[in-house]
Amino acid sequence: MDSPSKDNTRPAGTTVAGEPIDAVVNQDYKYGFVTDLAADSAPPGLSEEIIRFISAKKEEPEWLLEWRLKAYRHWLTLKEPTWAQVEYPPVDFQDICYYSAPKKPSDGPKSLDEVDPELLETFEKLGIPLNERAALAGVAVDAVFDSVSVATTFKEKLGDLGIIFCSFSEAVREHPELVRKYLGSVVPAGDNFYAALNSAVFSDGSFAYVPKGVRCPMELSTYFRINAAKTGQFERTLLIADEGAYVSYLEGCTAPMRDENQLHAAVVELVALEGAHIKYSTVQNWYPGDKEGRGGIYNFVTKRGACRGRRSKISWTQVETGSAITWKYPSCLLIGDESVGEFYSVAMTNHKQQADTGTKMVHIGKNTRSTIISKGISAGEAQNAYRGLVRVQKGASGARNYSQCDSLLLGDRCGAHTFPYLEVRNSSAVVEHEASTSKIAEDQLFYCQSRGLSAEDAVSLIVNGFCKEVLRELPMEFAVEAQKLLGVSLEGAVG
Amino acid sequence: MKSSQTVAPGDLFGADLARAHDELSAPSWLTALRRAGEARFRASGLPTTAQEEWRYTSLAAIAKGGFRWSGGTGAGRDLSSVAASALPALEAGSMRLVFVDGAYAADLSTLGPESGAGVWVGSLAAALAESPPWLEQHLGRYAAPDHSALVGLNTAFADDGALLHLPPGTRLSGPLHILFVAAGACVAAHPRVLICAGERSAATVVEEYRSAAGASTHYNNAVVEMSLGTAAEITHVRLVAENEGGCHTAMVQVRQGADSRYNCHQVTTGGALVRVDTRVELAAPGAECVLRGLYALRGTMHADHHTFVDHASPECHSDERFKGVVDDAAHAVFNGRVLVRPDAQQTVATQQNPNVLLSPDACVDTKPELEIYADDVKCEHGATIGQMDPLALFYLQSRGLDQAAARTMLIRGFAAEIIDGIGVPGLGQRLHDELFGSAPQPSVVAASSGMERS
C-alpha cells in the first residue's frame, strides 16, 4: 500500500494466482517495470507489463499483443498439471527471465580450444562434421563458416518456389495475414498450462508456408536455420502445407545442447490442407542433468498437427534422449476424410531422467488411419512412460488405428510405464494396441559377446535393433547420428 | 458420460448413515470399523468423473436414485416375492447362501455338511453372534474402510454378508453359491463377502447378483475381501445379472500368499450401471492369479471393470483376459493396471482386452496400463476394438445360416472362451442359455435392433 505506482502498472484482476496482492505490488515497485526499449533483457518475473515489453521489443502489431495478453490472463486461471508420471521441484514462474536479446557472438568462446573437451569428445563420437562442431559448441558462427551466405542461397531457392521459411518474428512482420489466420488454430492460446504460458511470452521460432502443389526440395532443418540460432526457451513453430504440398522439417540436433535455461515450453502447430503431407522429425538432446539428477532441462512441449483436408498426412518422428524431464505428446487431429496420422518415437532415459511422452490421435473424419510406434528405453534410475490417447469420434466411420509400445529395461532400478487410452465411439472402427516390457535377454548379449563385441557395443547393437522401426523413419543423415546418439546416451548404463 | 455431478458430499445416504450409526449393534472393533467407513464416505461422497479412476463412469444414477437402506438384519423383510424355486441354482446339493436385499435368508439357503468340520460357512450376522477369533483379524483388513468412499460406505453398513473360513488343508467338496437377490424397490444394500483360505486349502465360490421378478430399481454396493494362505487355491466366479434398474458397484480385494492361486471369472450381463474394481495383491513369491472376464452389454447398460494386479513380490505370475461384447447404445469401460514393484523380479504378467462392437451407438473406452519398476520381467498387454469379421459371417451364411444365426454363432464363439473356462459344472451351460438361448436359434443378443445393421 506504499507504492504510488501500483494502480497504474497493473490492470485490475491480473494478480498472480495465489499470491498476496501486497507481494505482487511490491515486486512491481521493486523492479520498477518501466518499459525500456533500450534494455537487452527484462527482469525476472511475469506480468502484463513484461508481455507488453516483449511485444514492444519485437515491434508486434496490436492484435498479437492482445492475443498474448488473453493467453496470459487465461494462464493465471490454470493450475500446473500434475498427472504426468514425473517428479520435480516446483517451478517458480516469477523467477524466470522471459526475455533476453540474442547473445552477441563476442560472448561465446572464441575458438574450439576454449570449448569443454568433454563436449568435443562427444562430437567426435557422434561423427559431427568439423565445421559444424564449432557452431554447435557456441563458437561465433561467422568465425568458422559463412552461415549467412549458406542461408541466403537456400532462401533464394525456396523463394523461387514460393515457400516461406523464416523466423516467427519475421513472419509476423512480412506475412501477418498467414500468421493471424493460423496462429493458435491448432493449439489454442489457452490449450493447457504450458501452451498458455508459451502463447503469452513466446520469444521466437520458425514459420514455414509451402504453397499449393509445391514439394519442398530440401529438408527444412535447424542445421541450416535461417532464423537466429538462439530462439530462447519459449519457442513457437508454425508450419502450413497448402493443398497438395509436401514438407519435411527437422528440429533439434544430435549434439548435446548446453543451455542455461531450465524450463522449455515450446509450442508447435502444423496445418495440413487437402492432400498435403508434413513430416516432422525431432532429435532432442538437451542437457539431461548430471548423474545425480542435478540441473537439466525441463522440456514441457505442446505439439499438435491438424490434418484439415482430405487425404492429408502428418507424420511425427522423435528421438528423445535429453532433458531431465520430458513432457511431450505430439498429436494429430484427423479431421479430413482419409487423412493419416503417424507417430514414431524413441524415448531413451538414463540416470535420473524422467520422460512422460506419447501421442494423441483424434479420429474425426471418415476412413482416417493412424499408426503409433513407441519405443521406450530406461536405464539407471530413470522413469519412462508412454501416455497415449486414441479417440474415434462418433462420425469417424472406418477409422483404423494400430499402436505398439515396447519398453526395454536396463538395470533394476529404472521404471517403464504404459498408459494408453482407447476411446471408441464408432462401431466400425478397428483399434489395436499392444505393449510389451522386458529386459535385454542374457542369451542375446552372450551371443554378441561371443562374436567379439564388448558388452557396451552389444547393448548398443541390440538397442538400435529395438529402435529400428523408428530410426528408419528419420531422414538419412539424422538416422545415422541418432544411432550413435543412443550408444552415447547409454554410456554408463551397462555394468 | 463425462458430465459433472452435482452431489453435495456427505448429504447422500446421510439419513441412512445416521440410522445405521444408531441402530446397528456390534462388538466395539466392528463399531470402530463402521465409524471409520462412515467418516471416509462423508468426507468425499460419491466419486465423480473429475477423478481419473472414474473419468468414464458417472455415478449420477446412484446419486439421483433415492436409494434407501432397508435396515439391519433385525429389520423385517417381505420375502414373498422371492420364491426358492425361481432362484438360479448350481448342481443339486451344493451349498447356497441367499441374501435378500443384503440380509441373510435362512429359509432360502442350504448349508452342507462342511460347516462344522472346521470349515466355517455362513452369514456375517451369525458369525458375529459366535464371534470366532479370526473374524476380527480379517474383516475390514484387506479392504480397509478408508480404502475408498464406496468401501467406506459399505463398511458403515457392515452388518450381514457371506463368510467362508477354511482352516489349513481343508477343501470344499463342491462349489459354494452365494446369491444376492434384490427384491425391494429403491433399496440400497451393502453386501459383504469375506473368504479366508488357510494354507493348502481350496474352494470354489460362485458369487451371483440377481433381481427378483418384479423388482424395480435397486443399488448393490458390494465389498469382497479375500485372503489366500500359502499354496491355497480359490476359484471365484462373479456373476452380475441384475435387471435394467440395477446399479452395482463392487470392490474385490484379494491378498495372495506364497504359491497360492487365485482364479477369477467375472461375467457381467445385466444391470443399468455396473462398476467392479478387482484388486489382487501378489504379496509373496510364487503366487499366481488368473483373471478372466466377459461383459455382454445391451440397451443402455454401462459397465466398467477396473482391475489392478499388484506384483509386490518376485516370481509371481498374472494372466488377465477380459472380453467385451457391446451392443445397442451400451457403454463398456475397461481399465487394467499392472504394477510391478521394485525388486519384484521374475514377474510374468499378461493382459488382454478384446472388444467387439455390434451396433453403431455402442462405445468402448479401454485403458490397459503397465507400471514397471523392476527389470527382469516379462510384461505385455494388448487391447483391441473391432467388429465381427465379415468374411467369417459370409462363410457361415454361405453354409446356410441366416444372418442373425451367423452373428450369434460368432458372438457365442467369442464369449465361449471365457464361459467355458469357468469350470463349475452346469454353470457354463446356464450362462450360454441365458445369453444366447438354449436352442441353436439365438434370442437374447440377436433380438436387439442393432443386429440388423448392414
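1. Start with the second largest cavity: its lining is made up of 4 nonpolar, 8 polar and 2 charged residues (Ala, Val, Leu, Ile, Met, Phe, Trp, Tyr, Cys and Pro count as nonpolar, Asp, Glu, Lys and Arg as charged, the others, Gly among them, as polar). The space in this cavity is about 70 Å³. Of the 14 lining residues, Ser374(A), Gly376(A), Asn384(A), Ala385(A) and Tyr386(A) come closest to the centre.

2. A word on what we're looking at: this is a predicted model, where local features need pLDDT of at least 70 and side-chain atom pairs pLDDT 80 or more, while totals for chains, interfaces and linings use all residues. Residues are numbered from 1 along each chain, chains are lettered from A in the order written, and side-chain values use heavy atoms, without hydrogens and water.

3. Now the two chains. In chain A, 32 residues are in contact with 36 of chain B (heavy atoms within 4.5 Å). Together they bury about 2700 Å², 46% of it on carbon and sulfur atoms (accessible area, 1.4 Å probe, lost on being put together and summed over both parts). Tyr421(A), Leu422(A) and Ser427(A) supply 21% of what chain A buries there, more than any other three residues.

4. Which residue forms a salt bridge with Lys439(A)? That's Asp376(B), with the closest N and O atoms 4.0 Å apart. The interface of chain A and chain B has 4 salt bridges (a side-chain nitrogen of Lys or Arg within 4 Å of a carboxyl oxygen of Asp or Glu). On the side of chain A that touches chain B, you'll find 12 nonpolar, 13 polar and 7 charged residues.

Notes:
On a 1 Å grid over the protein atoms alone, a cavity is a set of points where a 1.4 Å probe fits but cannot get out, and a pocket is an open set with protein on both sides within 12 Å along at least five of seven lines; lining residues have an atom within 4 Å of a point. Grid points are joined across faces, edges and corners, and a volume is the space filled by probe spheres set on the points. Buried area is the accessible area (1.4 Å probe) that two parts lose on being put together, summed over both.
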